2 protein chains.
Amino acid sequence: MFKINENYLKLPGSYLFSTIGKKVNAYAAAHPDKKVIRLGIGDVTQPLAPAIIEALHKAVDEMAAAETFRGYAPDLGYEFLRNAIAENDYRARGCNISADEIFISDGAKCDSGNIQEIFGQGNKIAVCDPVYPVYVDTNVMAGRTGVYDSAKETWSDVIYMPCTAENNFAPEIPKERPDIIYLCFPNNPTGSAITKPQLQEWVDYANKVGAVIIYDAAYEAYISEENVPHSIYECEGAGLCAIELRSFSKNAGFTGVRLGFTVIPKELKCGEVSLHSLWARRHGTKYNGAPYIVQRAGEAVYSPEGKRQLKQQIAYYMKNARYILEGLQSAGYTVSGGVNAPYIWLKAPGGMSSWEFFDDLLERANVVGTPGSGFGPSGETYFRLTAFGSYENTVEAVDRIRAL
Amino acid sequence: MFKINENYLKLPGSYLFSTIGKKVNAYAAAHPDKKVIRLGIGDVTQPLAPAIIEALHKAVDEMAAAETFRGYAPDLGYEFLRNAIAENDYRARGCNISADEIFISDGAKCDSGNIQEIFGQGNKIAVCDPVYPVYVDTNVMAGRTGVYDSAKETWSDVIYMPCTAENNFAPEIPKERPDIIYLCFPNNPTGSAITKPQLQEWVDYANKVGAVIIYDAAYEAYISEENVPHSIYECEGAGLCAIELRSFSKNAGFTGVRLGFTVIPKELKCGEVSLHSLWARRHGTKYNGAPYIVQRAGEAVYSPEGKRQLKQQIAYYMKNARYILEGLQSAGYTVSGGVNAPYIWLKAPGGMSSWEFFDDLLERANVVGTPGSGFGPSGETYFRLTAFGSYENTVEAVDRIRAL
């Protein structure tokens, strides 16, 4: 008789956003007259920028003629896109990353879930707490996390690095030594950022203890402050210890278009083995490339027109962020984030738990947020709102919350 | 110090098609004057059908307006596509598969590589020999295949089911009992097919011994004979033991568009655990959906116009297949396949090995095929040609081979 992967059965409950989706759908079905405003899941609402639409149409037309039709993409992705990324995201910021260290994918969620595969079973992972659930869940599926303590909501073999108001939502170097460190800055879910010297400390630590950093920079486009690094490769020595994950979902509204990339510098090695070669093997064996038309859309993100239009799009969302931040602050909420990230992190009022506040907000204000506890035990009593709604909905949602 | 997944180091050489690509590129670079014709990798060459182009443009326009913009797709894929699949690929053939048993993905390569993740470490896999390399390679990466014997080119914990001229390229029930059986019909690489009674034997066997069948039906659109099943669910009891993988790459030319799906009937269980729930969890945690515009393109495959146009496209490729089959037969080659599949499988002449014939054909005829030995030990001395070239190139390639 065949056997299943028993690790899957250890996962408590379903994926956070699936649970939220079900709750919201149930509420909406029971109350068809209510206008539910969703500031929960980090999905964007603004349409694709004109430069991207134009690139998509053009690429679709290419697929209509035998002379310009494109079949399987090159393993790492098309050069036109990898070159644009290397130039704009890295060389323009003084980072020494070349096009052949960039792997195009269909999104940072897949990459952040799949990247653990190239590491051995016995590695100990460290994560911020709260944290994007995919990092831990995919390590659970791989059997790397030990035993679940349902009271504490923690795994025995995971090192949790609490990020709370007490440490300004910045993780501290853990006492126990990790092998793989997941960092995400600007942070999902707390919306916090760290400075370049702070990130340099992590790079130095990883190089000292022989750890690898998986750096999720999905929200870098929202950075507004000068001293906040856009890439971990701005730090010295990061090429020796860090993998960087990037997404087009939030900087260009590609949540439904699907495009992302992973950077693995060739100098990043375990003994003689380069992680680049392992990821290349995985990419070539288990993946078949992002669609040609989508890679062309990605290229348009870096065109002068695309850049200009997307700057406006991000400004639009950050105006929402400011409205939420200031609106809730003035209503007496304890709020952070929203300056270098599209997420606002607030403390549930009146000693409510995260899910109590979720239910309360859904019920009384018809506003959907994300319970902080869904991101880890230190997220309990916190709550995440996103700036990705329309301005009108954001204003209405904040005003409803203020009126409670 | 972090540790890598040592299983990756066990993989002999690089992924087959990457190796071929490198060889061909090197030859083309050294002989810029030669016109190399590629009948190797199974990539299509005909442009997307007009109905699909129209659907793509329409969906792109939807992404340009806030009212019709789509962000994250539903976990399993859009209902419009899953309904079209359930209706056309299954209910129309009398298979009892519902839309919520269908998981949309970005292609059958990813699905066939990822599906092993939901199974435990201790399962013994059985594969046809020769076989699409992804099935074995991804189990190697997961540490499920034992020790590699480089002389025999086999893994100690894999059950190989030889498919050669002696058994008409149809696998026989293995002596040793497998837990997971990979079957692909119409077959890649041999181009062979099996009848419904033959497939029913496999279903009955799997149900008897408690094995699960992973049935890759990527080439079903090429079936021309009456008694060949298009889906494993045409067989009685298949819902209890079989997962089916499907692709849009070959029936609709989506190799560069990326779309596929996996069917897991809800009745397929290991004890109390449904495989459907495990795959749903994987899909929800490690994947974020195929692009909206691509899912709309998939829907167009099932429109009356789409069906009519794609029937012509398949007829075009099958005309190529016939030309190769008959041309090589008349030149004295031992050839099979090409009737229910776009692949022609031939015996290398004069006692040559598969790679010797590859090099010879590339050098003397400037034609690229795929060495049979790349698909497994029983593929040695065989060679695969695909019907996916243009008709003109196919004719020229066959005529060049005949002239050798």
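Trainee: What makes the length of helix 8 of chain A close to the expected one?

Mentor: In this predicted model, helix 8 of chain A has 12 residues and reaches 16 Å from its first C-alpha to its last, which is close to the 16 Å expected at 1.5 Å a residue.

Trainee: Why is helix 8 of chain A called mostly covered?

Mentor: A residue is buried if 20 or more other C-beta atoms lie within 10 Å of its own, and 11 of the 12 residues of helix 8 of chain A are buried, so the helix is described as mostly covered. Among the buried residues are A:Leu275, A:Trp279, A:Arg281, A:Arg282 and A:Lys286.

Trainee: Which helix of chain A gives the largest share of the side that touches chain B?

Mentor: The largest share of that side comes from helix 8 of chain A, with 5 residues. The contact as a whole takes 69 residues from chain A and 69 residues from chain B, and the elements of chain A that each supply at least two residues include helix 1, helix 3 (50-62), helix 5 (108-114) and helix 9 (292-300). By class, the side of chain A that touches chain B has 36 nonpolar, 20 polar and 13 charged residues.

Trainee: How do you know that B:Lys208 is to be called buried, partly exposed or exposed?

Mentor: The cut-off for exposed is 12 or fewer C-beta neighbours within 10 Å, and B:Lys208 has 11 C-beta neighbours inside 10 Å, so B:Lys208 counts as exposed.

Trainee: Which residues meet where helix 3 and helix 10 of chain B are in contact?

Mentor: B:Pro50, B:Ala51 and B:Ile52 in helix 3 of chain B meet B:Glu305, B:Gly306 and B:Gln309 in helix 10 of chain B, and by class this contact has 3 nonpolar, 2 polar and 1 charged residues.

Trainee: What covers the buried residues of helix 10 of chain B?

Mentor: The cover includes helix 3, helix 9 (292-301), strand 13 (335-337), strand 14 (343-347), strand 17 (382-386) and helix 12 (391-403) of chain B. The buried residues of helix 10 of chain B include B:Gly306, B:Leu310, B:Ile314, B:Tyr317 and B:Leu328. Helix 10 of chain B has 27 residues and reaches 39 Å from its first C-alpha to its last, close to the 39 Å expected at 1.5 Å a residue, and it is followed by B:Gly332, whose phi is positive, near 95 degrees.

Trainee: In chain A, which element gives the most to the side of domain 1 that touches domain 2?

Mentor: Helix 10 of chain A gives the most to that side, with 6 residues. The domain assignment of chain A gives domain 1 (7-47 + 307-403) and domain 2 (54-304), and 37 residues of domain 1 of chain A are in contact with 43 residues of domain 2 of chain A. By class, the side of domain 1 of chain A that touches domain 2 of chain A has 18 nonpolar, 14 polar and 5 charged residues.

Definitions and conventions: Residues numbered from 1 in each chain as written. Chains lettered and ligands numbered in written order. Predicted model: local features only at pLDDT ≥ 70, side-chain atom pairs only at ≥ 80, totals over all residues. Domains from an automatic or database assignment. Contact = placed C-beta atoms within 7 Å. Helix = DSSP H or I, 4+ residues; strand = E, 2+ residues; numbered from the N terminus. Nonpolar A, V, L, I, M, F, W, Y, C, P; charged D, E, K, R; others polar. Expected span 1.5 Å × (residues − 1).
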